[in-house]
Amino acid sequence: MGMLDGKVAIVTGAGRGIGREEALLLASQGAKVVVNDVGASLQGEGDDRHPAGEVVDQIRAGGSDAEVNASDVSSWDGAKELVQQAIETFGRLDILVNNAGILRDKMSFNMEESDWDDVIRVHLKGHFAPSHHAAVYWRGRAKAGEDVSGRIINTSSEAGLFGNAGQANYAAAKGGIASLTWVLARELGRYEVTVNSIAPRARTRMTEELFSEMAKATDGFDRFDPKNVAQLVAFLATDDAADISGQNFIVYGGDIWATGGFHPVGELHRDSMWTPEELAAAKGELFKGVSSGVPPFAIA
Ligand SMILES: NC(=O)c1ccc[n+]([C@@H]2O[C@H](COP(=O)([O-])OP(=O)(O)OC[C@H]3O[C@@H](n4cnc5c(N)ncnc54)[C@H](O)[C@@H]3O)[C@@H](O)[C@H]2O)c1
């Protein structure tokens, strides 16, 4: 018995890295999985279909069912075909894991227009387009009086939550994904669809330089194995997580933080307008006990 027996899932960008482990784990928990991957390089070029095919082969060898889908998730029609493929092949859709992504890190003053456009498109539109088509499907089923238990699990990043130098395009997209998560959670709750996001850390081709040293586990536990991240995603996909929505989680190794939304760190109140001169005099009160400088990156 798996926790996802009878469910049908889509995982985008599932040919490699974190998405691959998510697809394999959802399948091992009983879900039928559409393994989406356009087969892009880290920078978003090319169309190598082999990695997604290998994930499907591995799932089938393990006794579950899976299909490849090679849609570009940032294409409106491609995302529609992806959702339709799940419904037509496996008869339904229960879980959408938005994970596909690319990287073009540059300082803002060195960034090309295409670096901005492509990263925003693949991450932000690449999350919204499949979510839109899945939402149309779930809303239609709910309005037809059918039971719906939908799940969207988005992939944000600490860069998007805290801002990271050299990642203006990526952090803007990932911050947008966190905001999109709150909007979709508010809109789709009435149709029994939960929407959450994760901000993972894992050793993949996206981070192999960053985490290669840290990845050397000394105690036998590989904290940067993407398998660690997949466990939380699989849990959020289950019926046991039906009461969790609009939440974000920072996750790596055995550490999970539920981060919620933005929280005030200081406040000023009165029943009249503040002038700039008065704000200059009151800034100490606004930031009483906390720094007024750039907030620290990350929580640990
Ligand atoms: N690895 C980390 O530590 C880390 C940290 C924070 C966030 N993330 C996020 O996790 C997600 C997965 O990253 P990863 O580290 O596994 O990277 P990865 O490069 O190993 O995998 C990303 C996959 O997405 C696919 N892809 C790219 N563009 C696509 C498109 N338009 N349509 C369909 N598929 C597409 C690629 O072909 C690739 O297989 C990304 O959204 C990334 O931003 C990763």
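I began with helix 1, which is mostly covered, with 11 of its 12 residues buried. I call a residue buried if 20 or more other C-beta atoms, placed from the backbone, lie within 10 Å of its own. Helices here are DSSP runs of H or I with at least four residues, strands are runs of E with at least two, and both are numbered from the N terminus.

I noted that this is a predicted model, where local features need pLDDT of at least 70, side-chain atom pairs count only at pLDDT 80 or more, and totals for chains, interfaces and linings use all residues. Residues are numbered from 1 along each chain as its sequence is written.

Just after helix 1, I found Gly-30 with a positive phi of about 110 degrees.

Next, which residues come nearest the ligand? Of the 32 around it, they are Gly-13, Gly-17, Ala-100, Gly-101 and Thr-204, counting a residue as near if its C-beta atom, placed from the backbone, lies within 6 Å. Helix 1 (17-28) and helix 4 (113-143) each give two or more residues to this shell, and helix 1 has the largest share, 3 residues.

**Strand 6**

I then turned to strand 6 (residues 193-200), where 8 of 8 residues are buried. Strand 5 (residues 150-155) runs parallel to strand 6, joined by 6 bridges; pairing takes at least two DSSP bridges. Strand 7 (residues 248-252) is also parallel to strand 6, with 4 bridges.
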